[in-house]
Amino acid sequence: MQASAFAPAKINLILHVRARRADGYHDLESLVSFAATGDRLTFVADSDQSLQLTGPMASALIDGGSGAGNLVTRARAVLHRHLPDLPAGGFILDKHLPVASGIGGGSADAAAALRLLADGAGIFPDHPALLRAAAEIGADVPVCLAGRSRVMYGTGADLGPPLTLPAFPALLANPGIAVPTPEVFRGLALAPGARFTPPGDMDDALPAEPEAWPGAHDRAGWIARLKAGRNDLAGPAEAIAPAIAVLRETLAACPGCLLARMSGSGATVFALFADDATRDAAAAQLHARYPEYWIAATVIGGDAG
Ligand SMILES: C[C@](O)(CO)[C@H](O)COP(=O)(O)OP(=O)(O)OC[C@H]1O[C@@H](n2ccc(N)nc2=O)[C@H](O)[C@@H]1O
Ligand SMILES: Nc1ncnc2c1ncn2[C@@H]1O[C@H](COP(=O)(O)OP(=O)(O)OP(=O)(O)O)[C@@H](O)[C@H]1O
């Protein structure tokens, strides 16, 4: 028996930092959505428990990525502690997303592994053991488990209800510069327990309820709402890697671009476009200017999450 699951890129459309906690982690509020671009994870029942890697980004993972440090292997080990009766088998990870790039590829892979193992064990994906395991594996794994657009709170374990966004033609672009997540958070320079002060000290709370957000077909409403938000990690990430700001500004200046913003702790920048034609023209322009960058023409929101 073989089963496969898509592991889509996670996009932080808005990411507001709230405070630095006593344990050093930062409380966040983030509107998260998903792209139609991602990795693919296949579970091969009854084969050995190995992890094989294929795909253009497989070599970006340390040690070939197939060791215990891979989040797919870790997901299995953590879930096994919660649910001892898991199906035997191995995984094949077809890796397409750039590693450590702010679009949660590892988290998406871990979430896909949890879904496949739960399915093989005849367990529903909303089983509490799955949610507990997800939160234990990493901050972005709970939101990746269902892969639906929603607001996430705290360090990622508290999730609002699913939201429906229009499907936006989009580009994802990564300059190939590693910006380590801990260093980006450190760049905020918040003391333990200190609150983050938003620009102008505005009330920028992100509501959870769908009624508080624009309707599923209100494209202009969504863009206005997204523009009113920020990614508070962009400043520190761009200080570490100024190429991110150049990329963001280049995308924002492309005809038809509605919004360009960094995702997560970077360095990937996403850009939403008015239509497929302007997106594809921007992709061609970007590729000509930065042939070494990873660029994916995709869709964010809609059916993709
Ligand atoms: C920035 C986001 O991508 C937003 O979706 C995530 O919160 C980051 O999630 P992640 O990559 O899974 O991060 P983790 O591996 O859990 O954390 C790496 C390091 O970043 C810092 N960190 C991370 C998340 C958070 N809310 N506050 C933090 O201060 C901590 O120093 C932590 O040790
Ligand atoms: N299957 C995997 N895919 C990607 N990274 C993995 C995987 N397994 C382990 N890792 C490790 O996890 C770390 C984070 O990788 P990932 O690609 O999820 O980061 P990210 O895109 O910055 O995520 P986030 O947006 O959650 O911060 C990297 O250091 C990487 O080596």
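Predicted model: local features only at pLDDT ≥ 70, side-chain atom pairs only at ≥ 80, totals over all residues.
Reader: How many residues surround the ligand, and which are the closest?

Author: The shell around ligand 1 is made up of 19 residues, and the closest of these are His 26, Ala 139, Pro 182, Phe 185 and Gly 264. Two or more residues of that shell are given by each of the elements β1 (2-20), β2 (26-45) and α5 (181-186).

Reader: And what is the make-up of that shell by class?

Author: Sorted by class, the residues around ligand 1 are twelve polar, six nonpolar and one charged.

Reader: Switching to the domains themselves, how far apart are their centres?

Author: The C-alpha centres of domain 1 and domain 2 are 21 Å apart, and the contact between the two domains draws on 30 residues from domain 1 and 39 residues from domain 2.

Reader: Which elements supply the domain 1 side of that contact?

Author: Both β1 and β2 supply at least two residues each to the side of domain 1 that touches domain 2, and the largest share of that side, twelve residues, comes from β1.

Reader: What classes of residue are found on that side of domain 1?

Author: The side of domain 1 that touches domain 2 holds 17 nonpolar residues, together with ten polar and three charged ones. For the shell around ligand 1, by comparison, the counts are six nonpolar, twelve polar and one charged.

Technical notes. Residues numbered from 1 in each chain as written. Chains lettered and ligands numbered in written order. Near = placed C-beta within 6 Å. Helix = DSSP H or I, 4+ residues; strand = E, 2+ residues; numbered from the N terminus. Nonpolar A, V, L, I, M, F, W, Y, C, P; charged D, E, K, R; others polar. Domains from an automatic or database assignment. Contact = placed C-beta atoms within 7 Å.
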